[in-house]
Amino acid sequence: MAPRSGKPAMQELPKRSTIIRETSVVNRLVKRSKVSKFLSNGTVSAAVMVFAALLAVMVANSAMYEPLHQFFMTDLSIGVGSFAISMSIEAFVNDFLMAIFFLLVGIELKYEVTVGQLRRPRQAALPMLAAVGGVVVPACVYIFFNASGQAHGWAIPIATDIAFALGVMSLLGNKITPETKVFFQTLAIADDILAIVVIAVFYGQTPSVFWLAACGVAMLGLWSLNKARIYTVKPYLVVGLLLWICMYKSGVHATLAGVILAFFLPARSDIRLSALRDWLNGQARKLDDVYNDETHILGQHSFTKNAEKVEHVLHHVTPPLVRVEREISVPVHFIILPLFAFLNAQVRLVGADFGALITDPIAMGVFFGAVIGKPIGIVGVTVALVRVGFSRLPKHVSWSQIMAVGIMGGMGFTMSILIASMAFPDPAEVLAAKCAILLGSVAAGSLGIVSVRLYNSSLMRRFRRRSPIREQ
């Protein structure tokens with residue numbers, strides 16, 4: 001059949017150079033996507049942090065320890081004119097860089113409260129109350145060993161390192177159901193909230209009234225930005241930095257400034273999304289009209305001006321909360337947390353009495369609080385709430401997996417080390433606590449993996465015995 005009048009029988013094929021250029025663009029996008037996927041992998045980030053901790057232990061017991069220790073104790077001075085803040089490199093990592101980590105934690109908490117598991121109180125109640133049990137019982141176990149000694153460290157075994165624990169859990173693949181991972185993530189988030197409250201209430205210095213008032217003014221500034229519907233990130237970051245300075249001076253642990261900043265970042269877009277599609281279609285037509293294939297891009301001023309307008313609008317489609325998360329997620333997981341682990345996991349055992357170290361009441365309280373107290377608290381509260389009819393286990397979540405969740409809750413690496421450094425002024429006490437934290441985290445992760453694998457193996461054996469099909 002002949003083609004209709006005015007219509008070409010065949011569209012003109014694209015030039016070879018155009019095909020090569022477009023293929024190159026697609027390949028770059030695919031490579032970029034693979035890199036992003038790799039960097040967002042929880043197992044990879046957990047492995048990097050574990051490697052940094054292992055490297056720290058090796059360095060701490062080598063000739064490199066003293067020069068590195070002196071370097072990390074070097075003072076940094078930051079200020080303008082007569083106003084200055086002086087701190088060591090170690091304090092800069094623990095107080096300032098870890099505030100960025102807490103900003104990421106706060107963003108995750110706000111996300112869960114806004115659109116995640118925590119927006120449905122009844123659905124989130126079981127793991128959140130289980131988290132309370134996972135805080136109370138480990139604290140009691142620690143106090144049992146230290147009732148007449150260093151009871152001030154009771155909060156060290158209460159924390160769960162969400163990134164570390166989820167990274168280890170991901171190693172189990174489909175042996176852990178998605179519903180169990182959601183349960184554990186909700187529990188770990190509630191655990192983070194409790195740990196943040198504990199740090200703020202029990203482990204700050206004697207607060208300065210003047211600087212606390214300054215903190216209030218800074219928070220009022222963040223609130224004003226939010227109420228004024230300011231969707232540019234920079235003003236929030238500037239006021240957030242001022243809040244951190246005020247908190248650092250006040251005696252309240254400065255890392256909490258990150259959590260507070262996160263809860264003031266807007267979680268909405270300042271673009272009317274319902275009208276976006278029609279607007280983009282109109283802009284696409286404008287771009288098509290002004291584009292000239294024969295002119296270099298540097299000479300196409302109308303095209304680039306309209307393209308910048310589209311870029312600006314599309315940038316603002318994403319809420320500031322998400323924009324900040326994207327910017328800090330990779331640096332936190334691959335720079336800040338490994339650096340924190342390297343600085344704080346330096347357990348120097350040269351010349352130490354290892355037997356006395358592991359039998360120290362602090363070490364025993366931290367280790368058994370994490371490895372035994374955590375599963376007892378988490379599983380015990382879950383069983384009690386289900387038995388009394390308050391709640392039911394989520395669909396596809398078995399009691400064996402609740403047990404695994406309880407055991408893996410004992411991995412308190414990052415938060416526990418942070419609390420230990422605040423709880424004890426004596427380096428020997430900090431050393432005992434850090435040894436127990438490292439051993440407890442390794443034991444909790446290993447026992448959690450083994451428990452899941454043993455249960456799945458026994459389940460498979462029972463299935464094979466009951467199956468009418470026999471292997472030939």
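Me: What makes up the lining of the largest pocket, in terms of helices that each supply at least two residues?

Reply: Those helices are H3 (65–72), H4 (89–114), H9, H13 (320–344), H17 (413–423) and H18. Helices here are DSSP runs of H or I with at least four residues, numbered from the N terminus. The model is predicted: local features need pLDDT of at least 70 and side-chain atom pairs pLDDT 80 or more, while totals for chains, interfaces and linings use all residues. Residues are numbered from 1 along each chain as its sequence is written, and side-chain values use heavy atoms, without hydrogens or water.

Me: How much space lies in the largest pocket, and which residues are the closest to its centre?

Reply: The space is about 960 Å³. Of the 32 lining residues, Glu90, Asn94, Asn344, Ser421 and Met422 are the closest to the centre. By class, the lining has 18 nonpolar, ten polar and four charged residues. Nonpolar means Ala, Val, Leu, Ile, Met, Phe, Trp, Tyr, Cys and Pro; charged means Asp, Glu, Lys and Arg; the others, Gly among them, are polar.

Me: What makes a space a cavity and not a pocket?

Reply: On a 1 Å grid over the protein atoms alone, a cavity is a set of points where a 1.4 Å probe fits but cannot get out, whereas a pocket is an open set with protein on both sides within 12 Å along at least five of seven lines; lining residues have an atom within 4 Å of a point. The structure holds three cavities of 30 Å³ or more. The largest cavity has a volume of about 60 Å³, a volume being the space filled by probe spheres set on grid points joined across faces, edges and corners.

Me: Which elements give two or more residues to the lining of the largest cavity?

Reply: They are H15 (361–387) and H18 (427–466). H18 gives the largest share, four residues. Among the lining residues are Ile156, Pro157, Val366, Ala370, Ala436 and Ile437. The lining divides into seven nonpolar, five polar and no charged residues.

Me: Why is H8 called roughly antiparallel to H9?

Reply: H8 (residues 209–227) and H9 (residues 233–250) pack at about 165°, with their axes 8 Å apart. Axes are lines fitted to C-alpha atoms, for helices over the stretch in contact, and angles run from 0 to 180 degrees between N-to-C directions. Angles under 35 degrees count as roughly parallel, over 145 as roughly antiparallel, 65 to 115 as roughly perpendicular and the rest as oblique. H8 is therefore roughly antiparallel to H9. The residues in contact (heavy atoms within 4.5 Å) include Trp211 and Leu222 of H8 and Tyr236 and Leu243 of H9. By class, this contact has 14 nonpolar, four polar and one charged residues.

Me: How do you know that H4 is oblique to H7?

Reply: The axes of H4 and H7 (residues 178–202) cross at roughly 125° and come within 11 Å. That angle makes H4 oblique to H7. Phe102, Val105, Leu109 and Glu112 of H4 meet residues of H7 including Gln185, Ile189 and Asp192.

Me: Why is H4 also called oblique to H10?

Reply: H4 and H10 (residues 256–264) pack at about 40°, with axes 7 Å apart. The result is that H4 is oblique to H10.

Me: Is the crossing of H4 with H10 left-handed or right-handed?

Reply: H4 passes H10 in a right-handed crossing, whereas H4 passes H7 in a left-handed one. A crossing is left-handed if the near helix is turned anticlockwise from the far one by less than a right angle, and right-handed if clockwise.
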